[in-house]
Amino acid sequence: MTLFVTILIIFVLTIAGVISNHVITARNLDMIRRLRSEQQKLSLGREEAAERVSDLRRREKMLRIQLNDIEKGLPPIDLGFMTQEAVQTGQEGAADYSDMLEKPAKIARGENAVLESLVRGRRITPAQLQKARDYKTQTGSEYGLEDVLVMLGYLRKEDLEVARRRFGA
């Protein structure tokens, strides 16, 4: 009988140990899940903060460009659309635009200057410009290339008007 009781006690203690171990493991797994979730949230927060800092730096560049414009006596241009695109694409549109401002004499007046400014300002891509040219050629459209870009949805009408005002076209 003592042997039976001893075996029974060992069995009960073994089962209790297994259950206890299972509970501890479950708690540890739950804690690991919570910590990983918190780590992921912190990582996303860090990425969002880095994006905000990058966006603020781009906006600062654009404001400097606007100030430079005003100091040179050039009409101010709304760069808000560039900020939004720069954020969406992660590209530094202001760098190309500032380069263009430093060399305005090299840019001819008229449609070519407007189109060049739109490409440099990253409002349209060179591929979109080529597609618009191809479309205009294939269809024999009587509309200007700038208007074709708007019709194809590559360019907003407001952005085209800003570029046209900039170059007096």
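I will start with R64, which counts as exposed at 53% relative accessibility. Exposed here means over 50% relative accessible area, buried means under 20%, and partly exposed is in between, with a 1.4 Å probe and protein chains only. This is a predicted model, so to speak of local features we need pLDDT of at least 70, and side-chain atom pairs count only at pLDDT 80 or more, while totals for chains, interfaces and linings use all residues. Residues are numbered from 1 along each chain as its sequence is written, and side-chain values use heavy atoms, with hydrogens and water left out.

Back to R64. Its side chain meets that of E60 in a salt bridge, at 2.6 Å from N to O. The term requires a side-chain nitrogen of Lys or Arg within 4 Å of a carboxyl oxygen of Asp or Glu. E60 is partly exposed, with a relative accessible area of 39%. Both residues sit in helix α1, residues 2–71, and they are four residues apart, about one turn of the helix. Helices are DSSP runs of H or I with at least four residues, strands are runs of E with at least two, and numbering goes from the N terminus.

How many salt bridges does a search of the whole structure find? The number is 10. In general, side chains of opposite charge can pair when their charged atoms come close.

A second one joins D147 and R164, whose closest N and O atoms are 3.4 Å apart. D147 belongs to helix α6, residues 145–151, and R164 to helix α7, residues 157–167, so this pair ties together parts that are 17 residues apart in sequence. D147 is partly exposed at 26% relative accessibility, and R164 is also partly exposed, at 24%.

Salt bridges with shared partners join R123, R156, E158 and D159 into one network.

Now the chain as a whole. Buried residues are 24% of the 169 in the chain. The accessible surface comes to about 12,000 Å², with 57% of it belonging to carbon and sulfur atoms; these areas are from the Shrake-Rupley method with a 1.4 Å probe, and for residues only the protein chains shown count as cover. Taking the contacts with a separation of 6 or more, 59% are between residues 24 or more positions apart. Contact means heavy atoms within 4.5 Å.

On to the nonpolar residues. The largest nonpolar core has 14 residues, and those touching the most other members are V114, L115, L118, I124, L129, L149 and L155. Helices α4 (111–120), α5 (126–139), α6 and α7 each supply at least two residues of this core. Which helix gives the largest share? That is α4, with four residues. A core is a set of buried Ala, Val, Leu, Ile, Met, Phe, Trp, Tyr and Cys residues joined through side-chain atoms within 4.5 Å. Among the members, L155 is in contact with L118, R123, I124, E146, L149, V150 and L160, leaving aside its neighbours within four places in sequence.

M1, F4, V5, L8, I9, F11, V12, L13, I15, I19 and V23 make a nonpolar patch of about 1,100 Å². Patch residues have over 30% relative accessible area and no salt bridge; nonpolar side chains (Val, Leu, Ile, Met, Phe, Trp, Tyr) are joined within 5 Å, like charges within 9 Å. L13, one of the patch residues, is found in helix α1 and is exposed at 57% relative accessibility.

Last, two loop residues. S141 lies in the loop between α5 and α6. Is S141 buried or exposed? It is buried, with a relative accessible area of 16%. The S141 side chain reaches the backbone nitrogen of Y143 at 3.2 Å. Apart from neighbours within four places in sequence, S141 is in contact with K136 and V148.

R122 is found in the loop between α4 and α5. Although not a glycine, R122 has a positive phi of about 60°, and its 26% relative accessibility makes it partly exposed.

Conventions
A polar contact is a pair of N or O atoms within 3.5 Å; within protein, one must be able to donate a hydrogen and the other to accept it, and residues adjacent in sequence count only if both atoms are side-chain atoms.
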